[in-house]
Amino acid sequence: MPELIAKTALEGQSLTVGTSTLAEADVGRITSVAVFPGGAKAVAKGLKTLGLTMPEPNSLVERKGARLVWTGREQAFLMGVDCPELEGAAVTDQTDGWTVLTLTGAGAVDVLARLVPMDLRLPAFPVGRAVRTQLNHMNVVILRLGEHAFEIMGFRSMARTAWHELEAAMQMLAARNGTKF
Amino acid sequence: MRLTCPLCGERDRREFYYYGAEDYLHRPAEGAPLAEWDNYLHLRDNPAGVTKDLWYHEAGCSQWLLVTRNTVTHEVLGAEMVAGRAK
C-alpha cells in the first residue's frame, strides 16, 4: 500500500480581521470514546495511562498534549494522542471527520456572539469549558482555551461554510467597530 | 423560550426539536387491545395548563428530554432525560 499523505480541509489557512484571528489547526488524532453501560471503571483504568479522567459535561481535561473533550452523555473525544487500549467503551477514529478552527484575539467573543445561541462571555463560559452548540445552523463543539482563545470543531464536510460564516462575522464586526456614529 | 437541559444547562429553544406528547413513552404491550393502540397512536389531549412533551436536543447533547411546561403561562417547569428513566 502506498504511503498516503493526510491533508486538512483548509490547508492550514489563517486570516486576521480587526482584533480577531481565524486559523485552521491541526490537532492530530481524534478518537471518540463512547462508554458502554457499566464500562466506566474499565475506561477510567485505560485513561489512567494518559493521566486523564472522563470529563464532566460541558468541560475538557488536558494533560501533556492529550486532551479529552466532553461530547455527549457517556462520550468524549480524545485528541492529540493515539488512543490506548480501552476496555468498556466503543472506540472509533474520527480524525478525518472533523475540522478544527482557532479563533483568537480580543474580538473573538464578539464574533461568536453573532453566530452562537449561547452566552460565551467569560463569566458564563470560563476557560476549560467545552460545549456542543450551533454555529449559525451547523452543529459544532466550542472549546474555550483562554480568555481570548476559542477552538471550534465542525464537520469536515462543512469546513468552508464554517470558515465563510466566521469570516463574514469578523468583517461585519470590524466594519461596525470602525464606524463612527 | 429557553429549556434547561440536564446535561448542557440552559439553552435557546432553537437548539431543540419538538417531537410530541409524553404518550409516546407509553407504548402498549404486545397483544394489547386495539382501543389501546388507537389511543397510543392517534388520541391526544390538548391541555390548557401543565403538559409534558418530548423534545430532542439536536444541536446539543443529542438526548431526548421530557419537558414539563405550562401552555397557559408559558412557564417551563423542568426537563429530565428520557435515557435512564425507570420504565
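How many Å separate the centres of domain 1 of chain A and domain 2 of chain A? In this predicted model, the centres of domain 1 and domain 2 of chain A, taken over C-alpha atoms, are 24 Å apart.

**View 1**
Chain A is divided into domain 1, which is made of residues 14–27 + 95–178, and domain 2, which covers residues 30–93.

**View 2. The largest nonpolar core and the surroundings of A:V69.**
The largest nonpolar core holds 57 residues, and those that touch the most other members are A:V69, A:L103, A:V111, A:L112, A:I142, A:I152 and A:L166. Helix α3 (residues 159–178) of chain A gives the most to this core, with six residues, while domain 1 and domain 2 of chain A each contribute at least three residues to this core. In soluble globular proteins, nonpolar side chains tend to be buried together. Leaving out residues up to four places away in sequence, A:V69 touches A:P55, A:L60, A:A76, A:F77, A:M79, A:A130, A:V141 and A:L143.

**View 3. Helix α3 of chain A, with its buried and exposed residues.**
The 20 residues of α3(A) reach 28 Å from the first C-alpha to the last, close to the 28 Å expected at 1.5 Å a residue. Buried in this helix are A:A162, A:W163, A:L166, A:A169, A:M170 and A:L173, and because they cover an arc of only 135° around the axis, they lie on the same side of α3(A). An α-helix has 3.6 residues a turn, so residues three or four places apart point the same way. The face of α3(A) turned away from the buried side carries the exposed residues A:R160, A:H164, A:A175 and A:G178.

**View 4. Helix α1 of chain A and what covers its buried residues.**
In helix α1 (residues 40–48) of chain A, the buried residues are A:V43, A:G46 and A:L47. Seen down the axis of α1(A), these buried residues fall within an arc of 95°, so they line one face of the helix. The strands β3 (30–35) and β7 (89–93) of chain A are included in what covers them, whereas A:K41 and A:K48 are exposed on the other side of α1(A).

**View 5. Chain B and its contact with chain A.**
Chain B has one helix and six strands, which follow the pattern β-β-β-α-β-β-β when read along the sequence. The C-alpha trace of chain B spans about 40 × 30 × 20 Å along its principal axes, and of the 87 residues of chain B, 17% count as buried. Among the contacts in chain B with a separation of 6 or more, 45% are between residues 24 or more positions apart. Towards chain A, 13 residues of chain B are in contact with eleven residues of chain A, and the chain B side of this contact has five nonpolar, four polar and four charged residues.

Conventions
Residues numbered from 1 in each chain as written. Chains lettered and ligands numbered in written order. Predicted model: local features only at pLDDT ≥ 70, side-chain atom pairs only at ≥ 80, totals over all residues. Domains from an automatic or database assignment. Contact = placed C-beta atoms within 7 Å. Nonpolar A, V, L, I, M, F, W, Y, C, P; charged D, E, K, R; others polar. Buried ≥ 20, exposed ≤ 12 C-beta atoms within 10 Å, placed from the backbone. Helix = DSSP H or I, 4+ residues; strand = E, 2+ residues; numbered from the N terminus. Arc of directions from axis to C-beta. Core = buried A, V, L, I, M, F, W, Y, C linked by C-beta atoms within 7 Å. Expected span 1.5 Å × (residues − 1).
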